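Please read the points below with the model open beside them.

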Amino acid sequence: MSTLIWCLLIAGLLPIAAKAPVVYFQNRDKGYDNRHPRAQQQRLTGAGARAVAGHYNAYEAFPLFAAAVLLVIVTEQLTALNTTLAVSFIGLRIAYHVFYLTNWDKLRSLVWLFALLCPVLMIAQTAITVAGQ
């Protein structure tokens with residue numbers, strides 16, 4: 001269970017970590033505009049715009065993963081498969097952001113799909129096991 005909890009914490013921090021490249025590109029754009037950071041982010045182009053999109057996507061990916069981990073814990077379905085899927089989600093989401101920043105769009109989309117499948121499979125595997133009990 002400890003691994004799942006660590007994965008949940010890391011996944012919750014990934015959107016915050018994904019903000020670092022955004023801040024870098026904002027600073028390159030005439031300095032960070034702390035009064036209107038979102039307006040400045042909307043003006044970014046290229047890698048800066050991709051950094052913003054990746055940052056927002058990290059927030060979008062978190063709820064389903066959090067629900068999956070909490071479901072696994074609550075139903076006590078602490079299987080090797082669920083642990084592997086949780087760890088894989090973290091690795092895939094980190095790769096996703098790197099691929100977003102480097103503009104490897106097709107690989108990024110493939111990694112996004114694999115990352116999405118991790119919590120989906122966690123929930124499905126748990127549902128099937130619980131239904132069979």
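1. Does Asn103 count as buried, partly exposed or exposed? Asn103 counts as partly exposed because its relative accessibility is 42%, where buried means under 20% relative accessible area, exposed over 50%, and partly exposed in between, with a 1.4 Å probe and protein chains only. Asn103 lies in the loop between α5 and α6, and its phi is near 65 degrees, a positive value in a residue other than glycine.

2. On provenance, this is a predicted model, in which local features need pLDDT of at least 70 and side-chain atom pairs count only at pLDDT 80 or more, while totals for chains, interfaces and linings use all residues. Residues are numbered from 1 along each chain as its sequence is written, and side-chain values use heavy atoms, with hydrogens and water left out.

3. As to the overall fold, the protein chain has 6 helices and 0 strands, and from the N terminus on its elements run α-α-α-α-α-α. These elements are DSSP runs numbered from the N terminus, with helices taken as H or I of at least four residues and strands as E of at least two. The C-alpha trace spans about 60 × 30 × 20 Å along its principal axes. Among contacts between residues at least 6 apart in sequence, 72% join residues at least 24 apart, a contact being heavy atoms within 4.5 Å.

4. The chain exposes about 7,600 Å², of which carbon and sulfur atoms supply 67%; accessible areas come from the Shrake-Rupley method with a 1.4 Å probe, and for residues only the protein chains shown count as cover. The mean positions of the 10 positive and 5 negative charges are 9 Å apart. In this count Lys and Arg are positive and Asp and Glu negative, with His and the chain ends not counted, and the place of a charge is taken as NZ of Lys, CZ of Arg, CG of Asp or CD of Glu.

5. The largest nonpolar core has 24 residues, and those with the most contacts inside it are Leu4, Phe65, Val69, Ala86, Phe89, Ile90 and Met122. A nonpolar core is here a set of buried Ala, Val, Leu, Ile, Met, Phe, Trp, Tyr and Cys residues joined through side-chain atoms within 4.5 Å. Two or more residues of this core come from each of α1 (2–17), α4 (47–74), α5 (80–101) and α6 (105–131), and α5 gives the most, with 8 residues. A second, separate core of 5 residues includes Phe25, Leu44, Ala51 and Val52.

6. Which residues does Met122 touch, once its neighbours within four places in sequence are left aside? Met122 is in contact with Leu4, Phe65, Ala68, Val69, Val72, Asn82, Leu85 and Ala86. Met122 is placed in helix α6 and counts as buried because its relative accessible area is 0%. Ala86, with the same exclusion of residues up to four places away, touches Leu4, Cys7, Phe65 and Met122.

7. Ala68 lies in helix α4 and counts as buried because its relative accessible area is 0%; apart from neighbours within four places in sequence, Ala68 is in contact with Pro119, Met122 and Ile123. The C-alpha atoms of Ala68 and Pro119 are separated by 5.4 Å although the two residues are 51 apart along the chain. Leu71, also found in helix α4, counts as partly exposed because its relative accessibility is 31%, and Leu71 touches Ile123 and Thr126, not counting residues up to four places away.

8. A polar residue is worth checking as well. Gln125, in helix α6, counts as buried because its relative accessibility is 18%. A polar contact of 2.7 Å joins the side chains of Gln125 and Asn82; such a contact is a pair of N or O atoms within 3.5 Å, and within protein one must be able to donate a hydrogen and the other to accept it, while residues adjacent in sequence count only if both atoms are side-chain atoms.

9. Finally, Glu76 has a positive phi of about 60 degrees although it is not a glycine. Glu76 sits in the loop between α4 and α5 and counts as exposed because its relative accessibility is 66%.
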